[in-house]
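Hi everyone, thanks for coming. I'd like to walk you through a structure that may be new to you, so please have a look at it first.

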Amino acid sequence: MPGSNLSILISGRCLAAVVLCGFLAACSRQEPAAGPEGVHFVDVAIGRGLNRSLVSGGPEKLVIVENIGTGVGVLDVDSDGRLDLFFSNAGTLTDGRVLPGPGVALFRQDSAGIFQDLTSHLGIEFNGWGTGVAVGDYDNDGDPDIFLSCWGPDRLWENRQGKFFEVSAGAGVDHPGLSTSAVFLDYDLDGKLDLYVACYVELDLADLPNSGEPCIEGAARVACGPDFYEPAADRLYHNEGGGHFRLVSDEAGLDAAPGGYGLGVAVDDFNRDGRPDIYVANDTTENFLWMNIAGKGFVNEALSAGASLGPEGQGQAGMGVAIGDVDGDCRADIFVTNYSQEQNALYRCVGGTEFRDASAGSGFGRESFISLGWSTFFADLDNDSDDDLFIANGHVHPGAAELNSALSYLQPCLFYLNDGKGDFRLAPSSVGPGAVEARAHRGAAQGDIDGDGDIDIIVTVQDGRPVFLENQSRGEAHSLLVELSGTESNREGIGAMLVGVVGERKILRRVGRGGGYLSARDVRAHFGLGESTRLDSLEINWPSGKRSILKELAAGMIYRIRESDGAVEAATRLVERN
């Protein structure tokens with residue numbers, strides 16, 4: 001709820017809904033594979049060259065747009081096998097005018113693991129007000145392209161063999177407004193990536209609420225919250241091919257739900273019909289669950305699915321969203337970060353037909369009530385084959401302690417380890433002091449950035465440098481990565497469902513880059529294997545409807561799988577851990 005001093009309560013009753021689990025329904029809960037005791041992360045940003053200052057407004061944050069922050073994208077720009085980083089950036093406000101900031105930044109990783117700022121060299125120039133980052137190979141030419149959500153016209157850079165060209169206007173995605181999180185998906189399964197863009201409020205500096213003055217909460221001057229503004233409608237673009245998108249929001253049914261102050265977006269196939277659905281975390285209003293209707297459009301079924309409101313039927317201030325299988329039953333569960341003094345929400349799929357609010361008993365209640373959560377994701381942080389949880393926190397008001405002495409503007413990230421059954425415990429102090437340093441965190445993305453087989457984390461910070469949390473956990477747990485090469489499906493295989501088997505345990509992975517908040521993760525699927533030195537089998541259900549089965553994949557490798565024949569196209573060895 002950036003800048004808000006009011007809560008909108010929406011009364012209503014969450015009803016059960018049909019959430020079918022298709023071919024994955026046979027998965028059963030098993031004990032997790034063995035992994036290391038705890039996790040350990042070290043902030044290595046400075047030593048790796050990540051020194052760009054990230055800006056989002058002035059120090060007081062008295063206009064709502066200043067609270068949103070910026071995101072990050074993880075991608076391999078030049079197909080050299082090393083992950084690179086793209087950072088959004090914003091500007092400042094002075095006397096009702098927008099002043100440019102340091103500009104976006106594209107860092108390319110070299111063979112020594114150092115990030116070189118090659119932004120302008122690679123063809124990217126922008127110092128306007130950026131917010132969210134989406135990554136996807138929208139033109140199916142084998143390299144990832146970059147979409148930047150903005151306050152103002154959005155931007156799209158097309159990657160042509162490692163050099164970028166700005167094509168926003170020609171592609172038809174340069175709509176103005178205040179956009180936030182965005183994600184590429186192939187909603188009609190035509191093999192081309194479409195684009196969903198969440199939008200926040202209708203913001204005009206010449207016509208601010210409260211006569212342009214800050215709102216007062218207690219004795220503090222704060223930014224007026226979203227309830228003082230009209231919500232902006234989200235946008236859905238259909239990829240027409242030939243480098244052009246068509247805005248189809250209304251014809252696809254998105255006009256059936258009013259604007260919802262959209263912040264976080266994630267994609268999954270919740271009813272297992274083979275088509276991607278969209279979940280949107282909205283600020284103070286009910287969240288959206290856009291169910292895909294045969295690739296022709298969407299219907300919002302969040303209320304009937306029981307995955308929209310708080311435990312008392314109230315709207316909550318949703319920021320980030322994560323999708324994962326928390327209890328190992330091969331069903332997609334939903335986690336949403338909310339405002340401080342609100343519980344973060346876990347909507348668990350408890351059967352083929354029902355989501356249940358499991359927030360209170362899942363182990364993160366105490367910390368989530370005090371924290372204000374932003375980006376979040378499920379990932380196997382300790383390689384024991386289950387989904388752990390990461391949350392980036394930070395308040396919106398620099399004077400948060402003036403509102404409540406229990407609150408603070410700077411807040412630590414939180415790491416929760418999963419027992420394999422969906423019960424989480426806060427990671428011990430061994431997680432590392434740099435990893436839990438209090439900051440004003442916002443966007444975050446995950447991926448095996450150093451190539452050694454475990455999940456690393458990049459976090460953006462309000463008015464500071466980014467944080468690179470390198471996973472330096474020690475233990476005997478093994479892992480592998482899977483990269484898809486689509487032919488009939490989109491090139492990156494976004495939307496594919498993967499099920500890996502280790503002994504009696506099944507591991508569910510969805511290929512995609514979205515989720516969290518304002519950020520785009522690594523597209524490769526990560527499988528922690530615990531003590532096992534192999535993945536016994538891997539089932540790939542491609543967006544095209546094809547199905548591939550592979551047997552006995554050895555740990556310690558990155559496998560590239562080709563859709564046309566389901567074979568391993570390439571296999572490279574992971575870097576040895578130091």
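Predicted model: local features only at pLDDT ≥ 70, side-chain atom pairs only at ≥ 80, totals over all residues.

What does the secondary structure come to? We have 4 helices and 40 strands. If you draw a box along the principal axes, the C-alpha atoms fill roughly 65 × 50 × 50 Å. Of the 578 residues in the protein, 63% are buried. The accessible surface is about 19,600 Å², and carbon and sulfur atoms account for 49% of that. Now take the contacts between residues at least 6 apart in sequence: 62% of them join residues at least 24 apart.

Let's move to the sheet. Here 4 strands come together in an open sheet, ordered S2-S3-S6-S7, with antiparallel pairing. Which strands stand at the edges? They are S2, residues 72-75, and S7, residues 115-117; each has a single partner strand, so one side of each is left without a neighbour in the sheet. From one strand to the next, the twist averages 20 degrees. As for S3 and S6, residues 84-87 and residues 105-109, these two pair in the antiparallel sense over 3 bridges.

Next, my arginine. Arg513 sits in the loop between strand S35 (505-510) and strand S36 (525-530). Is Arg513 buried or exposed? Its relative accessibility is 6%, and the cut-off for buried is under 20%, so Arg513 counts as buried. What does its side chain reach? Another is the side chain of Glu492, with a polar contact at 2.7 Å. Setting aside neighbours within four places in sequence, Arg513 is in contact with several other residues, including Leu75, Val135, Gly136 and Pro144, as well as Ser519 and Asp522.

Last stop, the hairpin. Strand S39, residues 557-562, and strand S40, residues 568-573, pair in the antiparallel sense over 5 bridges. Which residue in S40 is the bridge partner of Arg560? That would be Ala570. There are 5 residues between the two strands, and in this hairpin Gly566 takes a positive phi near 70 degrees.

Methods. Residues numbered from 1 in each chain as written. Heavy atoms only, no water. Pairing = 2+ DSSP bridges. Buried < 20%, exposed > 50% of the residue type's maximum accessible area, 1.4 Å probe, protein only. Polar contact = N/O pair within 3.5 Å; in protein donor to acceptor, adjacent residues only side chain to side chain. Contact = heavy atoms within 4.5 Å. Axes fitted to C-alpha atoms, helices over the stretch in contact; angles between N-to-C directions. Areas by Shrake-Rupley, 256 points an atom, 1.4 Å probe, with all protein chains shown as cover.
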